[in-house]
Structures are given as structure tokens and as C-alpha cells.
Amino acid sequence: GGPASLSRFRGALVASVLGDCVGGEFEGAEEVPMDRVLQHLNGLEDDNRGDCILQYSDDTAMTQCVVESLLTRAGFDERDMAARFALEYSHFPGRGYGAGVVQVLKKLASPTLNDVYQPAQAQFSGRGSFGNGGAMRAAPFALAFRKPDDIKKFSRLGAMLTHSCSLGYNGAVLQALAVHLSLQGALEKPHDFISKLISEMEEVEGEDAARSDARVLNEPEFPFCERLYKVKDLMEQNNVSIEEVIFKLGNGIAALHSVPTAIFCVLHCLEPREGLPEHYGGLERTMAYSLALGGDTDTIACMAGAIAGAHYGIDAIPQTWQRCCEGAEVAYDTAQRLHTLYLQSLTEG
Ligand code: F2R
Ligand code: MG
Ligand code: MG
């Protein structure tokens, strides 16, 4: 479909769920040979899988809360979103949440809490979390808002409910911007795509809080921009090994070590690649490649899935894969509701 079509909206949300569900198999594994990845993905084609459904984790659970909050409130409402996170966690605490964020989710459940941003600010001795939990649920902000300034503002605030360190919430801003650009068709020109992301993030990371957090954590002055420049370098290389990608970009639980990595996975898999089946389309290549990096596979595949899905659209996602994943049907339906909200914002100017 054309820019911001329903197919792209569905692709973004469904492929994000898919990445979480198929990536869960390898989360935390140091080495994941491509053979194992392909075996896992081939298993999804098996008609006799019966009730062997792949369950989603915190990535999708929190994304669903973001979607429902944005839809119900027809925009961003921090108290509503925080309440949904807390309720979801209290009902299903076993979705594999980060070790630190559960403290925030418990505090957000308190009816006497006045400032919903306070529990996140108390994390890690007041430094806040730099985990990728804000980024993994950032895609819906790009589907609910069309102006980049709104996407940046609300993806940041949505992430700050749990991640008050700029290295956490700016990962969410970067992920939301990447989905936004992809939705507009910007991946047709991959070099322009990465350059636009760099120039947006130069502005985002120029803020005092970001510069101060980067200093305290001994990171370069513009940490996400620095990684995006590495993505650009890797794009220009003919042969890139998985080891080099992990070494230069990371595959870990920090937003800085996973959001640029997810973006690279999408860019790298725009073309056929050695080691990946020839019959795979770009969406399938992106999934397989994200899993083969090991580390935080559910989250990297979830974020890469959202960006790739917004580019290729829903028809690029094999039906057999969709049927295996808990939450894929819900994502398919809610994408339509978000698309309606998006179209309304277009007519309202
Ligand atoms: N938690 C996991 N995976 C671990 C294994 C789960 C297993 N499958 C199971 O079921 O038990 N995955 C999920 O967590 C990631 C998102 O985490 P989030 O929401 O960012 O959490 P948190 O706790 O805020 O941060 C994660 C860890 O990062 C380190 N960290 C963060 N900020 C820090 C700081 N300022 N100083 C020091 N360390 C910091 C801590 O180790 C945090 O626990 C996703 O992968 C999701 O899938
Ligand atoms: Mg997870
Ligand atoms: Mg994860």
C-alpha cells in the first residue's frame, strides 16, 4: 500500500508481535546459529502444530496497553497509560519483565500516587533505567500521531513512565521515528532514511538532560547518533559478519545496545543475503536475521518487526507465522482502529 496505508499499520503492529513471539525462543542466548533460527521458523509452517502457540512477552503486553490507552483517550494521557501498565502487570506478572521495572509497575498500582513519573525517577538510585522497555513499546506512537514533533514528545513521555534516563527514553523516540519514516515509505531510499534519523536524533540528544546522562554513564556525547553513524558505515560494507554487528552495535537489554541494532537488521535485510533462504521476502529475512544476533532477541525482533512491517505491509507476513503467535489477531484488529484515528487527525489538520 501507499504511505500510511492500513496494510502498513497492520504490518507494523502484527510484525512487532511476531518478533516478540518468535524471538522469545532465543532471548538471552549468546550464540544462535542460523540453522537453529531457520529450523524454528520452518516449524511455524507445520500444519500439525496444533495448540503449540508461541506466547508473547512484556514487549507485546505493554504495547497493547499503549495502543488501548491512545485509542481510548484519543491521544496521550499519562495517568491512563500508567494505570494500564500496572493493571496488566498485576494480572499477568509472568510475561518476562525486566528485573528493575517491576518495582515501578507495583508502585504505579497505588491509588494514592500523585506523580506517575515519580516511580521511574527513583529507579537505579535516582539515575533511572536505560533499558529498552520504553523502546520496545514505542511503535504505536508513530501510528497514533502524524507530526514528528508529536511523535517525539509523546513517545518520550510514554517511555518516561518507566524509564527516566535519557538513554532509555531517547531509545523510544528513535524507535518511534524509525516506524514513522518507514510508514511514510522512507525505506525506499535507505541512505536518506538513516540520514534523516541522524539529523532528528542530533536535535533530540542536544538537550541538557541527554548530555548530562551521557557524561555520567561515560557514553559519547551523542550516544544514539554515534551508533547510527556506525549503522551507516556497516550499510556501506559489502560483507558484514554477525560478530561485527554485535561488536559495533550490541544485542543487549540497554536501549542503546538494541534500538540501532534493530534498525540495522531492517536496512541490512532490504536485499537478499547469503545464508538466508532465497524464497524469503524482506520481512522474513529481517525476522531471521534479528534472531540470529542472539542476546535480547524478542525485543530486537519486535522493534525490527515494527519498522519492517510498516515498510512491507501485512501481506508480507506469512499467514502460518501469524497463526502461531498469541496476540497477532488482536494487533491486526487494533491496527485498523489506530488507522482510523490517524486519518481523523489528517482531516482535523
Ligand atoms: N527481562 C527480560 N529478559 C530477562 C529474562 C526474562 C525471562 N525470559 C523470564 O521470563 O524470566 N526481558 C524484558 O526486559 C527488557 C526490557 O526491560 P526494561 O523494561 O527496560 O526493564 P528495566 O528493569 O528497567 O531494565 C532492564 C535491565 O537493564 C539494566 N539497567 C537499566 N538501567 C540501569 C541503570 N541505570 N543502571 C544499571 N543497570 C541498569 C538492569 O539490569 C535492568 O534490570 C526486554 O528485553 C524485555 O523483553
Ligand atoms: Mg520480552
Ligand atoms: Mg527482550
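Arg-10 lies over the face of Tyr-332, at 3.9 Å from the ring centre. A charge is said to sit over a ring if NZ of Lys or CZ of Arg is within 6 Å of the ring centre and within 35 degrees of the ring normal. A second case involves Arg-95, whose charged end sits over the ring of Phe-92, 5.5 Å from its centre. The model is predicted, and local features need pLDDT of at least 70, side-chain atom pairs count only at pLDDT 80 or more, and totals for chains, interfaces and linings use all residues. Residues are numbered from 1 along each chain as its sequence is written, chains are lettered from A and ligands numbered from 1 in the order in which they are written, and side-chain values use heavy atoms, with hydrogens and water left out.

Rings may also pair with one another. Rings of Phe, Tyr and Trp (its six-membered ring) pair if their centres lie within 6.5 Å; planes under 30 degrees apart count as stacked, over 60 as edge-to-face and the rest as tilted. A search of the whole structure finds 7 aromatic pairs. One of these joins Phe-9 and Tyr-342 in an edge-to-face arrangement, 5.2 Å centre to centre and with 70 degrees between the planes. This pair links distant parts of the chain, since Phe-9 belongs to helix 1 (residues 6–23) and Tyr-342 to helix 18 (residues 328–347), 333 residues apart. Helices (H or I, at least four residues) and strands (E, at least two) are DSSP runs, numbered from the N terminus. Phe-9 is buried, with a relative accessible area of 0%, and Tyr-342 is buried at 4%. Buried means under 20% relative accessible area, exposed over 50%, and partly exposed in between (1.4 Å probe, protein chains only). Elsewhere, ring pairs link Phe-76, Phe-141, Phe-145 and Phe-154 into a cluster.

The packing of helices comes next. Two packed helices are described by the angle between their axes and the distance between the axes. Axes are lines fitted to C-alpha atoms, for helices over the stretch in contact, and angles run from 0 to 180 degrees between N-to-C directions. Helix 1 and helix 16 (residues 297–312) pack at an angle of about 160 degrees, with their axes 7 Å apart. The two helices are therefore roughly antiparallel to each other; angles under 35 degrees count as roughly parallel, over 145 as roughly antiparallel, 65 to 115 as roughly perpendicular and the rest as oblique. Helix 1 passes helix 16 in a right-handed crossing. A crossing is left-handed if the near helix is turned anticlockwise from the far one by less than a right angle, and right-handed if clockwise.

Helix 14 (residues 259–268) packs with helix 9 (residues 166–183) at an angle of about 20 degrees, the axes being 9 Å apart. That makes helix 9 roughly parallel to helix 14, and their crossing is left-handed. Here Gly-171, Leu-174, Gln-175 and Ala-178 in helix 9 meet Val-259, Pro-260 and Ile-263 in helix 14. Helix 14 also packs with helix 12 (residues 223–236), at an angle of about 20 degrees and with the axes 10 Å apart. Helix 12 is thus roughly parallel to helix 14. The crossing of helix 12 and helix 14 is right-handed. Its contact includes Phe-224 and Leu-228 of helix 12 and Phe-264 and Leu-267 of helix 14.

Helix 15 (residues 282–292) is mostly covered, with 11 of its 11 residues buried. Among them are Glu-284, Arg-285 and Tyr-289. The buried residues of helix 15 pack against helix 1, helix 2 (34–43), helix 13 (242–249), helix 14, helix 16 and helix 17 (319–324). Gly-294, whose phi is positive, near 70 degrees, follows helix 15.

Ala-4 has a positive phi of about 55 degrees and is found in the segment before helix 1. Ala-4 is buried, with a relative accessible area of 9%. Ser-125 likewise has a positive phi of about 55 degrees, but is exposed, with a relative accessible area of 71%. Ser-125 is found in the loop between helix 6 (118–121) and helix 7 (139–144). Arg-127 is found in that loop between helix 6 and helix 7 and is partly exposed, at 47%.

Notes
Contact means heavy atoms within 4.5 Å.
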